[in-house]
Amino acid sequence: MATWTCPQDGTENPLAEKRCLVCRHPNMPRIVVLQSVATRKEAEFTEPVKLGKAVFTHRFADPDARFASDLQFEIVRDDERVAWVVRPFAGCVNPTCYDGKPLEASGTELVDGGIISVSKSKMKLKVRFKKN
Amino acid sequence: MVRIYDPKERIQGYTIEEMITTGNNSVSYSARAAAGDKVFFKLYQSPSIRVPWYKPFVQHQVELKKRIEAGPCKQFCYKFLGGFEHERKYHQVFEFLDKSHSLSQILDKIRIRPTSVSWEQRELMAKVLVAGINQIHGARIVHADLKPENVMLIEDTSIAMKYRLKIIDMDFSFFTDKKAPWDGHEGYFGTPGYMSPEHMTNKVPSPASDVFTLGLMLYQLLAQGHPYPFDDVEKYLPAYKGHAAAQPKLLGVPKAPAQGSVIADVLYRCLHPDPAMRPTASDLHKALTGDNAGIVEDAETVRRRAEAEVVRKAEEERKKKEDEARGKEVERIAEEIRRRDEDEKKKKAEEKPATRIVLTSLDGVEQSVGARVVFGRVVLAKFGEAAKYAANEQFILDRTGDDWFIEACPNTPNDTMLNGDLVVGRVKLSLGDKVGLGKAASKKTVLELTVRAE
């Protein structure tokens, strides 16, 4: 059975467990990496971040940045859900999608390998997690 | 008689390195397996192969290993590597816990230098220990000999706790769904200072007994120290029965969402003399982690506690009624006695004087009399001038049994009067009677003295 080791007490927990079964330490990756599917350029985040046209243009050099609004979405840590979450901003010209589906207003949980996009197919960013 | 193995001696493929401990039941060594791994090698003095519970004990070890390895408790317990018989003695081999310290050593370290193990580390140790015991109970095993010496902490700097925790010495642990092989042959092992009330009263320990001992250990790890720090073993049981432990005072602030007050309450309840009133290891774990913002009990615990509460309340009610009834009865009897005493006093007062009597004048001057006394002018002088009418020997007060009598002396110029009448012969006195001097013919009296009880 695949497990993750709690960095607090060393307990081997099943991967499905979001918190350590012994000390309830959350199993949340420290770093979120977004990679432009079109340009392969990456950006790493360890803190909550707001993204929009400017970041897409300068960090990812993605020509699809023109389809994004100034503030398109934000990526935050949700301690209750023990997950990184992508949340849309209201009033965007084009909706933000995750794996081809529009985001929930409360945020959609990010999973390793998931794709964030503007509309269903523009400005695609692949999600990757790093432990350290 | 047990043969002690020498270093480098080979037993069934294991090479003895050195003796580690000798216990009541076994001698333990460090040894090397054929593949070179270091192992903990145990030679049993008890059970001997001659006792009837030897074979069941060996089977018990096999099942114990199976239960531990089959469940999540595996990662909290040391590994049973196997057992065998050699020279008519049972042997068992366990994983060797290198770079390890017992919880007892860690507690000593904390006592000497409290900052040597941080509060965060202690809290984590408590959570892992309780989670481990909870999993052991989940495998229907009672450890039954928990103590700080049987909790090992292996150094590991890669985790925040800095140690990995393993529970050891489980070969005399037993199952909640089966009788222990030694039941009826041997008692249940325990260590003074860490035994539960069940251990001390020769009852079969249960998971609640482990919880009691966990409470004793966690008081030392998280709070002010051992709740029953006695040198005299005789003191434990009365203190346990009286739930005499002080409320725990946590030495740090628990990591949210756990709450200090909830942890303190549940730790104190671990030491309840009634096993049914103790929390389960699961309750204890939930309190330590703050799961569900407090203690959420499973259905069985809720049922058990509710039953115990009903019994407790019924018992309390019965005692209250008994006390009330007893109180009323006592009141009634006291009232009866008081009334009887009063009646008797009254009766006595009416019928006869007390053992000592007092003659009191109208001015309040008194003369106590306890034995036969002849009253004359001299004795009566204290009552005033009227004493001059008395003869040198005027009357005699005398006692027979409980009764007092007055007797007039002969040839006195004035008569001795009792309640206005002439005293003739020996007359029995009653309280309230009035003794005086006078003339019977005129019925006049002077020096009136009232007879009272002293």
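Two strands pair if DSSP finds at least two bridges between them. By that rule, strand E6 and strand E7 (residues 83–88) of chain A pair: 6 bridges join them, and they run antiparallel. This is a predicted model; local features need pLDDT of at least 70, side-chain atom pairs count only at pLDDT 80 or more, and totals for chains, interfaces and linings use all residues. Residues are numbered from 1 along each chain as its sequence is written, while chains are lettered from A and ligands numbered from 1 in the order in which they are written. Helices (H or I, at least four residues) and strands (E, at least two) are DSSP runs, numbered from the N terminus.

**Chain B overall**
- Chain B holds 10 helices and 21 strands.
- It has 454 residues, and 33% of them count as buried. Buried takes 20 or more other C-beta atoms within 10 Å of the residue's own; exposed takes 12 or fewer, and partly exposed lies in between, with C-beta atoms placed from the backbone.
- Among contacts in chain B with a separation of 6 or more, 53% come from residues 24 or more positions apart. A contact needs C-beta atoms, placed from the backbone, within 7 Å.

**Helices H7 and H8 of chain B**
- H7(B) covers residues 260–270 and H8(B) covers residues 281–289; they pack at about 155°, with axes 9 Å apart. H7(B) is therefore roughly antiparallel to H8(B). Angles under 35 degrees count as roughly parallel, over 145 as roughly antiparallel, 65 to 115 as roughly perpendicular and the rest as oblique.
- Axes are lines fitted to C-alpha atoms, for helices over the stretch in contact; angles run from 0 to 180 degrees between N-to-C directions.
- From H7(B), Val262(B), Ile263(B), Val266(B) and Cys270(B) take part; they meet Asp283(B), Leu284(B), Ala287(B) and Leu288(B) of H8(B). The residues of this contact comprise 7 nonpolar, no polar and 1 charged.
- Nonpolar means Ala, Val, Leu, Ile, Met, Phe, Trp, Tyr, Cys and Pro; charged means Asp, Glu, Lys and Arg; the others, Gly among them, are polar.
- H8(B) is largely enclosed by the rest of the structure, because 9 of its 9 residues are buried. The buried residues include His285(B) and Lys286(B).
- Just after H8(B), Gly290(B) has a positive phi of about 75°.

**Three-stranded sheet of chain B**
- An open sheet of 3 strands has the order E7-E9-E10 (chain B), with antiparallel pairing. Its edges are E7 (100–102) and E10 (163–167) of chain B, each pairing on one side only. Neighbouring strands are turned by 30° against each other on average, direction ignored.
- E7(B) and E9(B) (residues 151–155) are joined by 3 bridges. Ser102(B) stands opposite Met152(B) in E9(B).
- Helix H2 (residues 103–112) of chain B packs on the sheet and touches E7 and E9 of chain B; its direction makes about 75° with that of E7(B).
- Helix H3 (residues 119–138) of chain B also packs there, touching E9 and E10 of chain B; its direction makes about 30° with that of E10(B).

**Strands of chain A**
- E5(A) (residues 49–51) and E6(A) (residues 73–78) run antiparallel, joined by 3 bridges. Val49(A) has Ile75(A) as its bridge partner in E6(A).
- Phe73(A) stands opposite Pro88(A) in E7(A).
- E6(A) and E7(A) form a hairpin with 4 residues between them; in the turn, Val82(A) has a positive phi of about 50°.

Definitions and conventions
Two residues are in contact if their C-beta atoms, placed from the backbone, lie within 7 Å.
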